Amino acid sequence: MHVLSLIAGALIIVVTFADAFATTLVVGAGGGPLTRRVMGWLWRLLLRIFRGGRAPALLGGAGAAILISTVMVWVALLWAGWSLILLGGHGAVVDARTGAAAGWTGVVYYAGFTIFTLGVGDYVAGGTPWRILTAVSTFTGLFLVTLAITYLVSVVAAVVGRRAVAVRIHALGRDAADIARRGWTGSGVSSAFVQHLVSLTGQLSVVAEQHLAYPALHYFRSRSVLVSAPIAVARLDDAMLLLSAALRPDVRPDDSVTSPVRAAVDRYVSTVAMTSAVPAEPPVPPLSDRAVLAGSGMPTVPEEVFRAEADAGAERRRALHRLVLGDGRGWDAVH
């Protein structure tokens, strides 16, 4: 039984650090397997509790709660691992005053204040090997806590950057048709609009990679639609669809304008799908109204031509719908 306790404790510590390293240090891993499962389970639970827009303020704070919960899981597992290792050796921990072997509660208490580097001193290691292991446990606790704090700060910075990108997209227009209409000069898209899109493409690509580096990023749901990245990305992609499919071919912007933006959106959607608990297959969302562009004097193709071209990208739009639902909102927020 003592050997099994030692092995189990060591395995738990190894798994904990493997998951923490995959989540915080391995860029592109999308988080460790344990972290992904914990975050996904908590997010699905919160979406179920607050579905229908109930208590949006509480859902807005879910990201921080999920991130802290992940760190707490690492700490709890590290504590449990070292407790099992110390419980596996008779007399590994003794009372500092009497020298009597500590009970299991005393061992767990000793493991806790050791990994948190408290140095209380009412219990001590019972021999040289256990003193060495105590020093090792102190190092692992200090290392994990420092790693977690550094990670928390980085995630907050990434959240701010993602909100800034969402604000820039929403500044282009209140919906997809409005974005397309504002970029139109009467004969084509304005150069200022094109430059804005070029800048957004690079920023959106950075945010997409941050979702892989910081898998908790997706769960920071913005309380306001105006700083919601999933809503902003869906609107931007819809605007690019209008410009590339609803306008007459002779006046459409060149593919070099819309294609890079849509490629960045594709990357964003795919990375979020890797790191978040996205809902099951949703329906293909409704298209933006082509008639709004026609009513503004923009030369458009007939409705059936636009729909035929848009239907070719139905799965892409379904993925965007899944992205929006994963943010706890409906497609009506996009329009």
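1. Val153 counts as exposed because its relative accessibility is 54%, where exposed means over 50% relative accessible area, buried under 20% and partly exposed in between, with a 1.4 Å probe and protein chains only. Val153 is found in helix α6, helices being DSSP runs of H or I with at least four residues, numbered from the N terminus. This is a predicted model, in which local features need pLDDT of at least 70 and side-chain atom pairs count only at pLDDT 80 or more, while totals for chains, interfaces and linings use all residues. Residues are numbered from 1 along each chain as its sequence is written, and side-chain values use heavy atoms, with hydrogens and water left out.

2. Val153 belongs to a nonpolar surface patch together with Trp79, Tyr109, Phe116, Leu118, Val120, Val145 and Ile149, and the accessible area of the patch is about 700 Å². Such patches take residues with over 30% relative accessible area and no salt bridge, nonpolar side chains (Val, Leu, Ile, Met, Phe, Trp, Tyr) being joined within 5 Å; the areas come from the Shrake-Rupley method with a 1.4 Å probe, only the protein chains shown counting as cover for residues. Helix α6 gives the most to this patch, with 3 residues.

3. Ser137, by contrast, lies in α6 (residues 128–170) and counts as buried because its relative accessibility is 4%. Apart from neighbours within four places in sequence, Ser137 is in contact with Trp82, Thr114 and Ile115, contact meaning heavy atoms within 4.5 Å.

4. Helix α6 packs against helix α9 (residues 229–246) at an angle of about 40 degrees, the axes being 9 Å apart. Axes are lines fitted to C-alpha atoms, for helices over the stretch in contact, and angles run from 0 to 180 degrees between N-to-C directions. On the α6 side, Arg162, Ala166, Ile169 and His170 meet residues of α9 including Ile231, Val233 and Leu236.

5. Which residue forms a salt bridge with Asp237? The partner is Arg316, with the closest N and O atoms 2.4 Å apart, a salt bridge being a side-chain nitrogen of Lys or Arg within 4 Å of a carboxyl oxygen of Asp or Glu. Asp237 lies in α9 and Arg316 in helix α13 (residues 314–325), so the pair ties together parts that are 79 residues apart in sequence. Asp237 counts as buried, at 1% relative accessibility.

6. By the same rule the count comes to 14 salt bridges. Among them, Asp178 and Arg174 meet at 3.6 Å, N to O; Asp178 is buried at 3% relative accessibility, whereas Arg174 is exposed at 54%.

Note on methods: Helices (H or I, at least four residues) and strands (E, at least two) are DSSP runs, numbered from the N terminus. Patches are made of residues with over 30% relative accessible area and no salt bridge: like charges are joined within 9 Å, nonpolar side chains (Val, Leu, Ile, Met, Phe, Trp, Tyr) within 5 Å.
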